[in-house]
Amino acid sequence: MEKNAKIYIAGHRGMVGSAIFRALKQQGFENIVTRTSSELDLRNQQAVIDFFDEEKPAYVFLAAAKVGGIVANNTYRADFIYENLMIESNIIHQSHVNGVKKLMFLGSSCIYPKLAPQPLREDYLLTGLLEETNEPYAIAKIAGIKLCESYRDQYGCNFISAMPTNLYGYGDNYNLHNSHVLPALIRKFHEAKQENKPFVEAWGTGSPKREFLFADDLAEACLYLMENYDGRELVNIGTGEDLSIKELTELVAQITGYQGEIKWDTSKPDGTPRKLMDVSKLHAQGWKHTVELPEGVALAYEDFLKNQEIYAV
């Protein structure tokens with residue numbers, strides 16, 4: 001990407017988009033185009049047409065999406081498939097129409113079959129049934145991958161897809177009703193410590209294993225791939241390392257300084273038994289993460305403490 005090229009980040013205020021914005025700035029890119037959701041409704045086809053016609057970006061990072069945890073995905077199934085399909089269809093099509101040089105579509109590890117072999121290789125896509133609780137979201141993300149492949153096949157568009165593992169970091173969502181597991185745990189343990197609660201209730205059995213990547217590491221990987229990867233096939237982005245939810249819970253308790261008991265509500269769902277990314281393709285491209293989980297959780301907790309009034313709603 002040329003330093004003066006116009007770069008559009010869709011979803012620049014989200015955790016991923018804001019990390020990409022910071023990474024671009026740090027690397028000397030200044031011509032960055034953004035719009036808030038109130039300024040541009042990405043679900044609105046005509047609004048997206050008008051935006052691309054006006055701005056004509058050379059490069060696009062498609063980080064905008066409707067996201068949430070298990071409860072949100074399972075409760076608002078129609079919203080998750082409809083809104084994500086509209087966002088990605090509008091942006092990818094207009095990127096083609098307006099001659100965007102390169103686009104990166106960001107998906108999710110939930111695109112892979114629920115019981116796929118571990119670690120998850122890129123070629124496991126569409127080889128089995130999805131996890132039921134977030135199937136609509138996963139199908140929308142799979143459609144985004146196929147849109148990029150199809151526009152490449154038919155029109156020669158340089159549209160690439162990257163699948164991040166579970167993410168956390170600055171500006172995460174700490175709402176206990178629709179957040180992901182790591183930020184939810186940070187908030188739960190912090191509030192339990194503040195209120196001297198004798199125990200914290202965690203969901204499920206604690207046995208599922210998950211992989212976590214610091215969002216600023218993801219942003220570095222995204223920029224690296226935009227500069228160095230032009231392949232048709234999607235690329236996993238992760239650490240290649242995982243731990244159990246029980247181990248994660250104990251780590252968050254330690255970092256937040258909570259001394260009480262942890263109780264497991266086994267009536268709550270566990271979700272997929274394990275989700276570990278095979279990142280050998282990414283490593284072969286020449287990129288590896290730098291922020292390990294204990295350091296990243298400490299940075300996220302520090303960010304939470306600084307912004308409690310915004311996050312704790």
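This section describes salt bridges, aromatic pairs and charge-over-ring contacts in a predicted model.

The structure contains 23 salt bridges. One of them joins the side chains of Lys 6 and Glu 55, with an N to O distance of 2.9 Å. This pair links distant parts of the chain, 49 residues apart: Lys 6 lies in the segment before β1 (7-10), and Glu 55 belongs to helix α2 (residues 45-55). Glu 55 is buried, its relative accessible area being 14%, whereas Lys 6 is partly exposed at 23%.

A salt bridge also connects Lys 209 with Asp 242, where the closest N and O atoms are 3.9 Å apart. Lys 209 is partly exposed, with a relative accessible area of 30%.

In a further salt bridge, the side chains of Asp 265 and Lys 268 meet at 3.0 Å, N to O. Asp 265 has a relative accessible area of 16% and is buried; Lys 268, with 29%, is partly exposed.

For the aromatic side chains, a search of the whole structure returns 11 pairs. The ring centres of Tyr 151 and Tyr 155 are 5.7 Å apart and the planes meet at 35 degrees, so this pair is tilted. Both residues lie in helix α5 (residues 135-155); because Tyr 151 and Tyr 155 are 4 residues apart there, about one helical turn separates them. Tyr 151 is buried, with a relative accessible area of 15%, while Tyr 155 is partly exposed at 45% relative accessibility.

Tyr 151 also forms an aromatic pair with Phe 159, again tilted, with 6.4 Å from centre to centre and 35 degrees between the planes. Phe 159 counts as buried, its relative accessibility being 1%. Elsewhere, Tyr 8, Phe 51 and Phe 52 make up one aromatic cluster.

Contacts between lysine and phenylalanine side chains include two cases of a charge over a ring. The charged end of Lys 66 is placed over the ring of Phe 80, at 5.3 Å from the ring centre. For Lys 263, the charged end sits over the ring of Phe 199, and the distance to the ring centre is 4.1 Å.

How values were computed
Residues are numbered from 1 along each chain as its sequence is written. This is a predicted model: local features need pLDDT of at least 70, side-chain atom pairs count only at pLDDT 80 or more; totals for chains, interfaces and linings use all residues. Side-chain values use heavy atoms; hydrogens and water are left out. A salt bridge is a side-chain nitrogen of Lys or Arg within 4 Å of a carboxyl oxygen of Asp or Glu. Helices (H or I, at least four residues) and strands (E, at least two) are DSSP runs, numbered from the N terminus. Buried means under 20% relative accessible area, exposed over 50%, partly exposed in between (1.4 Å probe, protein chains only). Rings of Phe, Tyr and Trp (its six-membered ring) pair if their centres lie within 6.5 Å; planes under 30 degrees apart count as stacked, over 60 as edge-to-face and the rest as tilted. A charge sits over a ring if NZ of Lys or CZ of Arg is within 6 Å of the ring centre and within 35 degrees of the ring normal.
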